[in-house]
Amino acid sequence: MAKKTGQVIDFASIKATMSDPYKKTFQIVDKDAKIVNQELFDTFSDDQLVDFMKKMVWERTLHEQTMNFSRQGRLGFYAPTYGEEASEMGSVSAFKDQDFLFPAYRDLPQLIQHGASVAQGFLWSKGNAVGDDYGEQRNWFPQIIIGAQYVEAAGAALGIKKNGEKDAVSFVYTGDGGTSQGDFYEGVNFASSFQAPAVFMVQNNGWAISVPRYKQTAAETLAQKAVAMGVPSIQVDGMDILATYIATKEAREFAAAGNGPVLVETLTYRYGAHSSAGDDPSRYRTKEEEKPWFDADPLIRMRKILTDKGLWSQDQEDKLVEEYKDSFKASMKEAENTPTQSVVDMLKTTFEEPTPQIKADIARFEAKESK
């Protein structure tokens with residue numbers, strides 16, 4: 001018998017190259033506002049470019065005004081979106097009204113763009129159930145449990161398929177930390193197994209509260225995680241709203257055509273704290289790390305493109321900001337004038353048929369609330 005003289009399988013080589021297909025980040029406009037894919041850039045009309053800019057200004061203003069409301073004690077939990085405007089507005093713009101949205105807690109802007117009102121977004125933050133009543137809209141309330149929305153989205157996608165709906169998908173968001181959760185894998189695997197029309201969005205903003213992405217997972221990209229479950233995926237420059245839109249639009253078309261789910265990883269950055277609860281980013285990251293991301297600001301990038309084309313001005317932007325601020329203040333007044341939910345109302349809607357213990361609690365609180 002011949003003596004074995006060496007390793008038969010080169011695992012080191014496999015490990016070194018398995019991320020290669022996913023490290024070619026899709027991009028149309030680079031961080032210096034230079035067009036790197038003229039052919040795709042030319043597919044956008046001037047009106048579309050301006051509309052994308054307006055949406056990003058809208059989201060940044062919403063963030064700034066919401067932070068003001070939080071500091072005034074007028075809201076509950078809020079997860080800042082500063083820096084993620086291109087990732088969020090570029091992706092949500094690619095979906096249609098008939099698509100089911102499953103947001104995470106940092107995705108109020110997408111929820112509002114998909115049909116919810118700004119007042120409902122504020123009510124959700126305040127813990128008022130009216131904020132979760134979307135009527136006929138295909139919206140689900142923002143999920144607090146990290147990654148759980150991926151399972152919900154997979155179920156909705158299977159429902160779309162079993163109901164024979166055409167041109168409809170479920171779409172869902174999580175952050176980089178969410179991809180380290182079991183629900184992430186279960187949701188993607190389930191949708192893939194049933195070839196259900198789902199688009200899984202991963203907003204890789206670099207941090208899960210104070211834990212950097214490199215400590216969460218040894219995977220070089222988050223896009224490649226979908227491959228093990230038979231799902232095609234792509235990594236996109238999430239500070240480039242045009243690239244994000246194109247990638248998401250084509251992912252949606254692929255899934256809606258009956259080809260199974262797709263995963264899109266957007267490379268973006270959370271400029272501020274994890275939440276309005278007050279964590280201090282300066283305790284876990286440096287100015288040196290942050291600077292390249294601030295230099296890649298999606299609004300600066302698009303602002304330069306539009307200004308060079310004579311389609312935008314600072315005066316125009318300033319007027320928009322004031323209009324948006326006024327509308328958000330009016331929405332906050334609407335939210336504050338909405339009656340709060342009583343304990344009895346909450347108990348009555350916990351289960352379709354209240355349990356014996358809840359029936360007893362209802363009677364107890366009805367007696368208290370009637371006094």
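The span to expect of a helix is 1.5 Å times one less than its number of residues. Helices here are DSSP runs of H or I with at least four residues, strands are E runs of at least two, and both are numbered from the N terminus. What we have is a predicted model, where local features need pLDDT of at least 70 and side-chain atom pairs count only at pLDDT 80 or more, while totals for chains, interfaces and linings use all residues. Residues are numbered from 1 along each chain as its sequence is written, and side-chain values use heavy atoms, with hydrogens and water left out.

Take H3 (residues 46–71): at 1.5 Å a residue its 26 residues should span 38 Å, and the end C-alpha atoms are 38 Å apart, which agrees. After H3 comes glycine 73, with a positive phi near 75 degrees.

**Where H3 meets H10**

The axes of H3 and H10 (residues 241–259) come within 11 Å and cross at roughly 105 degrees. Axes are lines fitted to C-alpha atoms, for helices over the stretch in contact, with angles running from 0 to 180 degrees between N-to-C directions. H3 and H10 are therefore roughly perpendicular to each other; the cut-offs are 65 to 115 degrees for roughly perpendicular, under 35 for roughly parallel, over 145 for roughly antiparallel, and oblique for the rest. On the H3 side the contact (heavy atoms within 4.5 Å) is made by Leu49, Phe52 and Met56, and on the H10 side by Ile241, Leu242 and Tyr245. Sorted by class, that is six nonpolar residues, no polar and no charged ones. For the classes, Ala, Val, Leu, Ile, Met, Phe, Trp, Tyr, Cys and Pro count as nonpolar, Asp, Glu, Lys and Arg as charged, and the others, Gly among them, as polar.

Asparagine 259 also belongs to H10. With a relative accessible area of 36%, asparagine 259 is partly exposed. Buried means under 20% relative accessible area, exposed over 50%, and partly exposed in between, using a 1.4 Å probe and protein chains only. Leaving out neighbours within four places in sequence, asparagine 259 is in contact with Gln195 and Phe254.

**The buried side of H7**

Buried residues in H7 include Ala148, Gln149, Tyr150, Ala153 and Leu158. The buried residues of H7 pack against strand S1 (100–102), strand S2 (170–175), helix H8 (182–193) and strand S3 (198–204). Alanine 148 has a relative accessible area of 11%, and it touches Gln143 and Asp183, not counting residues up to four places away in sequence.

**Arginine 106 and histidine 274**

Arginine 106 sits in the loop between S1 and helix H5 (108–113). At 8% relative accessibility, arginine 106 counts as buried. Its contacts beyond four places in sequence include Glu84, Glu88, Arg270 and His274.

Histidine 274 is in the loop between strand S7 (262–267) and helix H11 (287–295), and is buried at a relative accessible area of 10%. Among its contacts outside four places in sequence are Tyr105, Arg106, Asp279 and Tyr284.

| Pair | Apart in sequence | C-alpha distance |
|---|---|---|
| arginine 106 and alanine 86 | 20 residues | 14 Å |
| histidine 274 and serine 210 | 64 residues | 8.0 Å |
| alanine 148 and glycine 178 | 30 residues | 8.7 Å |
| asparagine 259 and alanine 196 | 63 residues | 8.0 Å |

Most residues other than glycine have a negative phi. Alanine 33 has a positive one, near 65 degrees. Alanine 33 lies in the loop between helix H1 (11–17) and helix H2 (38–41), and at 11% relative accessibility it counts as buried. Glutamine 195 has a positive phi of about 50 degrees and is placed in the loop between H8 and S3. At 33% relative accessibility, glutamine 195 counts as partly exposed.

The end C-alpha atoms of residues 53–342 lie 41 Å apart, and the span is 47% helix and 11% strand.
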